[in-house]
Amino acid sequence: MAANGSDQHVSLDQQFYEDLVKIVVPMIFAGHIISLSIVGLAIFLILIPMFMILIPLFIIMIPVLFPASFIFWICSYLTGEHPIGADQLEEVRKKIVKAAVGFTYNWI
């Protein structure tokens, strides 16, 4: 009889802890989800005003910045410096010259 009573006692304790885990684990999971949501909302609320300021500035400045960077690249290329993409441009130029060799104009 004693063995049967202790088995019942162990199973009640085991059932209690299983029920406790079934309650606590979802609460911990929900707490993490809620805290991540709050952090995401805080980041969103901080970044939105920054983008509200930066996007119009970018739209205003892009007509100035793009041509200036393009002119800087061309000046660097023409002065003999090798800016990014100059090697590819040289390869294309060589392919065009190679394709044009022997090409004559018979317009007359």
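User: In which helix do tryptophan 73 and tyrosine 77 both lie?

Analyst: The model discussed here is a predicted one. Tryptophan 73 and tyrosine 77 are 4 residues apart, which corresponds to about one turn of the helix. The element that holds both residues is helix 1.

User: How many aromatic pairs are counted, and is the pair of phenylalanine 16 and tyrosine 17 stacked or edge-to-face?

Analyst: The count comes to 2 aromatic pairs. In the pair of phenylalanine 16 and tyrosine 17, the distance is 5.4 Å centre to centre, with 65° between the planes. Planes over 60 degrees apart fall in the edge-to-face class, so the pair of phenylalanine 16 and tyrosine 17 is edge-to-face.

User: Why is the pair of tryptophan 73 and tyrosine 77 given its class?

Analyst: The ring centres of tryptophan 73 and tyrosine 77 are 5.4 Å apart, and the planes are at 5°. Planes under 30 degrees apart count as stacked. Therefore the class of the pair formed by tryptophan 73 and tyrosine 77 is stacked.

User: Is tyrosine 77 buried, partly exposed or exposed?

Analyst: The relative accessibility of tyrosine 77 is 22%. A residue is called buried under 20% and exposed over 50%. Since 22% lies between these limits, tyrosine 77 is partly exposed.

User: Is serine 76 buried or exposed?

Analyst: Serine 76 is found in helix 1, which covers residues 2-78. Its relative accessible area is 8%, and the limit for a buried residue is under 20%. Serine 76 is therefore buried.

User: Which residues is serine 76 in contact with, leaving aside its neighbours within four places in sequence?

Analyst: Contact requires heavy atoms within 4.5 Å. With the neighbours within four places in sequence set aside, the contacts of serine 76 are Glu81 and Pro83.

User: Which residue forms a salt bridge with arginine 93?

Analyst: The count for the model comes to 1 salt bridge. The closest N and O atoms are 3.1 Å apart, and the partner of arginine 93 is glutamate 90.

User: What is the relative accessibility of arginine 93?

Analyst: Glutamate 90 is partly exposed, with a relative accessible area of 22%. Arginine 93 also counts as partly exposed. The relative accessibility of arginine 93 is 43%.

User: How far apart are the end C-alpha atoms over residues 54-74?

Analyst: The unreviewed UniProt entry lists residues 23-47 and 54-74 under "transmembrane region". Over residues 23-47 the chain is 100% helix, with end C-alpha atoms 37 Å apart. Residues 54-74 are also 100% helix, and there the end C-alpha atoms are apart by 28 Å.

User: What share of the chain's accessible surface belongs to carbon and sulfur atoms?

Analyst: The chain has 2 helices and 0 strands, and 3% of its 108 residues count as buried. Its accessible surface comes to about 10100 Å². The share belonging to carbon and sulfur atoms is 77%.

Methods: Residues numbered from 1 in each chain as written. Predicted model: local features only at pLDDT ≥ 70, side-chain atom pairs only at ≥ 80, totals over all residues. Heavy atoms only, no water. UniProt positions renumbered as here; feature names shortened; annotations may be inferred. Buried < 20%, exposed > 50% of the residue type's maximum accessible area, 1.4 Å probe, protein only. Salt bridge = Lys/Arg side-chain N within 4 Å of Asp/Glu carboxyl O. Areas by Shrake-Rupley, 256 points an atom, 1.4 Å probe, with all protein chains shown as cover. Phe/Tyr/Trp six-rings, centres within 6.5 Å; stacked < 30°, edge-to-face > 60°.
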